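Colleague: I have not seen this structure before. Could you take me through it?

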Amino acid sequence: MDNITIAIAKGRLGERGLELFKNTDMEIVREENSRKLVFKDAKGKTTYIFVKPSDVVTYVEKGVADLGIVGKDVILEENKDVYEIMDLDYGRCRFAIAGFKDRLSDKKNDVLRIASKYPQYVQSIFENRDQRIEIIKLNGSVELAPLIGLSDVIVDIVETGNTLRDNGLEILEDLDQISARLIVNKVSYRFKYDVIQKIERILGGE
Amino acid sequence: MRYTSISEELEVTKFKKRVEREFEGYFEKNGFNLIEPRIFQKYDMYVRSNFRQDSSRTVKVLSGNSRIYILRPDITTNILGEIFSKWDGEPPLKVYYNSKIYLNRPDGKILENYQMGIESLGEDVFKADQEIVHMGTRLMGTLGRPVILELGSSKYLDGLFKELDLDQEEESEIRDLISKKNRYGLRIRLKELDLEGTVLDHIFELQGDMREVIQRANSHPMNSEMREAIDELESLMEGSSNRYSSGEIKFDLSMLPDLDYYDGIIFKGYCLGVPNKILSGGRYDRLTEEFGLRVPAIGFMIDLDLVTRIRMEEER
């Protein structure tokens, strides 16, 4: 069987993905609190590398990793040229536009200010809407932006909606559905087709 | 950090030139003649005949009398314009090119890139398909690493979509899912559209080993356009079986063309360990109609910079 490299998003989403390989011949054993970023399975055939979520897509597009496990939110934001072959069916949430309910978010001739961690995605959503926008890129606590007058609305991922409610915000519009996905480099897909099919089966596909 | 010295750079150029000469020699040996595309094209002509392309990416130039020209953004349509102004479809024409193209990059800089490729015009479809695919495989074979030629036909999906009652938006949504090999997303969408169990539902099974793909395709219903796609691929397979081992060619009927003027066989060449395609091409009879005369036309483009890089690594 061919050697294969899988990029895993650091954090909860990646950890759950890794659990799916438990009790298969691709399982890896990691020491507690290890800071290593590269692991191999017992036979040394499968290599796992742990990187920042947004870098998973880059690694796969550039072919240094054949496969990647990463959230759909990151795939949409990065918009890279990769195959997206599986929905891993966990980490479900959605993108949404949120803001104050009683305030008009449709400003037509005025500029709508949107705070988000996902500027490219916001751009793509508003591309064909007749609305001038300004995107304010933030790295965290996006809900804060409308409260302190930094933006009119936000675009963010929403799981339960609790954080929004606690801050007096409401969902104004639901956007794309999010969950963990398996992505593949286009060249690897052709050269390592059989292994990739096997991994699809391990991860619960047909 | 150390930068490459000028003498090292010249070594690379020398190496690249050697590969170029080797390829050009191969084209000429097979009866292809060099064609030099014009560098300036009239802007309004370009916009009229390439309404699908994003014309903001073209590099504009003002002439002395304030007419707008563009620097050629691609080679194929450029040389077709030139050829069809002086050629009436016979005898068959075989040309190759090796020139630069110019495009605006998103960061505002101008991209200049070499493009090398061949075009076969007016030749019998079956014969030309064979010849072009064979030449593509041969060039890929010089890389010294495992290579795969991925072969499909735009006619298969085009034909299939004609059987389905979908509006334009639904069709492009489905094409997008197919182009991402997004099996689960496709399944959900097909369920919503009440298209479960159709050939579309099995489209990703129609890739892999040549014989198996043909066999599986034959077990599904086909209209005449889809049938044509299969027949063309099949004859290509038979013609090729004694030339190269089947491992080098994979069929993929779920493959979508990069350019929307392709109609017929389409192909991409990959090399192990290189994340981008090295070679891409296909049949584009439909495009020739826009130049006033429909003739059989097929060609491919090869990324010479990538080829040079791989061969330098291999030969060192």
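Predicted model: local features only at pLDDT ≥ 70, side-chain atom pairs only at ≥ 80, totals over all residues.

Colleague: Which domains does chain A have?

Modeller: Chain A has domain 1 (4-91 + 179-202) and domain 2 (93-177), with bounds from an automatic or database domain assignment.

Colleague: How many residues does each put into the contact?

Modeller: Domain 1 of chain A gives six residues and domain 2 of chain A gives seven; contact requires C-beta atoms, placed from the backbone, within 7 Å.

Colleague: Now the sheet. What is its strand order?

Modeller: The order in chain A is β2-β3-β1-β4-β11-β5, an open sheet of six strands with mixed pairing. Strands pair if DSSP finds at least two bridges between them; helices (H or I, at least four residues) and strands (E, at least two) are DSSP runs, numbered from the N terminus.

Colleague: Which strands are at the edges?

Modeller: The edge strands of chain A are β2 (38-40) and β5 (83-87), each pairing on one side only.

Colleague: In which sense do β1 and β4 of chain A pair, parallel or antiparallel?

Modeller: Strands β1 (residues 4-9) and β4 (residues 67-71) of chain A are parallel, over three bridges. Ile8(A) has Ile69(A) in β4(A) as its bridge partner.

Conventions:
Residues numbered from 1 in each chain as written. Chains lettered and ligands numbered in written order. Contact = placed C-beta atoms within 7 Å.
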